[in-house]
Amino acid sequence: GELGVRVGRVLVWDLDETLIVFNTLLTGSLQLHGERPDKEKAAALSGFATKIEDHIYDLAEREFHFTTLEGRNHWCFDAAVEHDDPSVDTSKHDFASDGLTRREEEDQPAAEWEKRLEGLRYREVRKKYERAREGQEG
């Protein structure tokens with residue numbers, strides 16, 4: 001690929017599990033060698049975890065449309081991209097103002113227009129994974 005690296009597999013780790021790990025740092029429930037850190041170390045770890053958590057949310061939002069796709073769970077990319085409109089050039093699409101917002105009710109079925117906009121976002125995410133698998137930047 002472009003970076004001289006070929007990636008055979010890209011694994012997606014659900015953000016929820018990552019946040020659980022960071023929660024142990026944030027709350028001070030982390031144990032090091034079977035013991036909880038003293039207050040000073042716990043505060044330092046908590047501050048560090050907060051910074052990491054902020055970076056993860058920023059990355060998830062910037063690169064993976066986290067806010068609008070959270071609560072719109074599909075069991076795989078193919079199911080989500082099924083509603084994609086390939087005639088839309090996503091590089092020119094204004095995701096910020098297309099009307100798709102975070103869903104508060106996960107059980108409520110999405111309208112067709114929402115499914116099309118979800119499909120655009122999932123296409124973008126899929127492209128990023130494909131580029132990563134080929135060792136390309138972006």
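This is a predicted model: local features need pLDDT of at least 70, side-chain atom pairs count only at pLDDT 80 or more; totals for chains, interfaces and linings use all residues.

Q: How many helices and strands does the secondary structure come to?

A: Helices (H or I, at least four residues) and strands (E, at least two) are DSSP runs, numbered from the N terminus. Here there are five helices and zero strands, so the order of elements from the N terminus on reads α-α-α-α-α.

Q: What share of the residues of the protein count as buried?

A: Of its 138 residues, 30% count as buried. The protein exposes about 9700 Å², and carbon and sulfur atoms supply 52% of that area. Such areas come from the Shrake-Rupley method with a 1.4 Å probe, and for residues only the protein chains shown count as cover.

Q: How far apart are the end C-alpha atoms of helix H5?

A: The expected span of a helix is 1.5 Å times one less than its number of residues. Helix H5 covers residues 112-133, so its 22 residues should span 32 Å, and the end C-alpha atoms are 31 Å apart, which agrees. After H5 comes Gly-135, with a positive phi near 80°.

Q: What covers the buried residues of H5?

A: The buried residues of H5 include Leu-117, Leu-120, Tyr-122 and Val-125. Their cover includes helix H2 (39-64), H3 and helix H4 (77-81).

Q: With which residues is Thr-68 in contact, leaving aside its neighbours within four places in sequence?

A: Contact means heavy atoms within 4.5 Å. Thr-68 belongs to helix H3 (residues 66-69), and beyond those sequence neighbours it touches Leu-100, Thr-101, Arg-102 and Arg-121. Thr-68 has a relative accessible area of 12%, so it is buried. A polar atom of its side chain also lies 3.3 Å from the backbone oxygen of His-65.

Q: Where does His-65 lie?

A: His-65 sits in the loop between H2 and H3. Its phi is near 55°, a positive value in a residue other than glycine. With a relative accessible area of 12%, His-65 is buried.

Q: How many aromatic pairs does the count come to?

A: A pair of aromatic rings is described by the distance of the centres and the angle of the planes. Rings of Phe, Tyr and Trp (its six-membered ring) pair if their centres lie within 6.5 Å; planes under 30 degrees apart count as stacked, over 60 as edge-to-face and the rest as tilted. By this rule there are two aromatic pairs. Tyr-57 and Phe-66 form a tilted pair, 5.7 Å centre to centre with 55° between the planes. The rings of Phe-64 and Tyr-129 have centres 5.7 Å apart and planes at 20°, so this pair is stacked. Because Phe-64 lies in helix H2 and Tyr-129 in helix H5, the pair ties together parts that are 65 residues apart in sequence.

Q: How many salt bridges does the structure hold?

A: Side chains of opposite charge can pair when their charged atoms come close. A salt bridge is a side-chain nitrogen of Lys or Arg within 4 Å of a carboxyl oxygen of Asp or Glu. The structure holds seven salt bridges. One of them joins Glu-63 and Lys-128 (2.4 Å, N to O), linking distant parts of the chain, with Glu-63 in helix H2 and Lys-128 in helix H5, 65 residues apart. Lys-128 is buried, at a relative accessible area of 16%, whereas Glu-63 counts as partly exposed at 24%.

Q: Where do Lys-115 and Glu-112 lie?

A: Both lie in helix H5, three residues apart, about one turn of the helix.

Notes:
Residues are numbered from 1 along each chain as its sequence is written. Side-chain values use heavy atoms; hydrogens and water are left out. Buried means under 20% relative accessible area, exposed over 50%, partly exposed in between (1.4 Å probe, protein chains only). A polar contact is a pair of N or O atoms within 3.5 Å; within protein, one must be able to donate a hydrogen and the other to accept it, and residues adjacent in sequence count only if both atoms are side-chain atoms.
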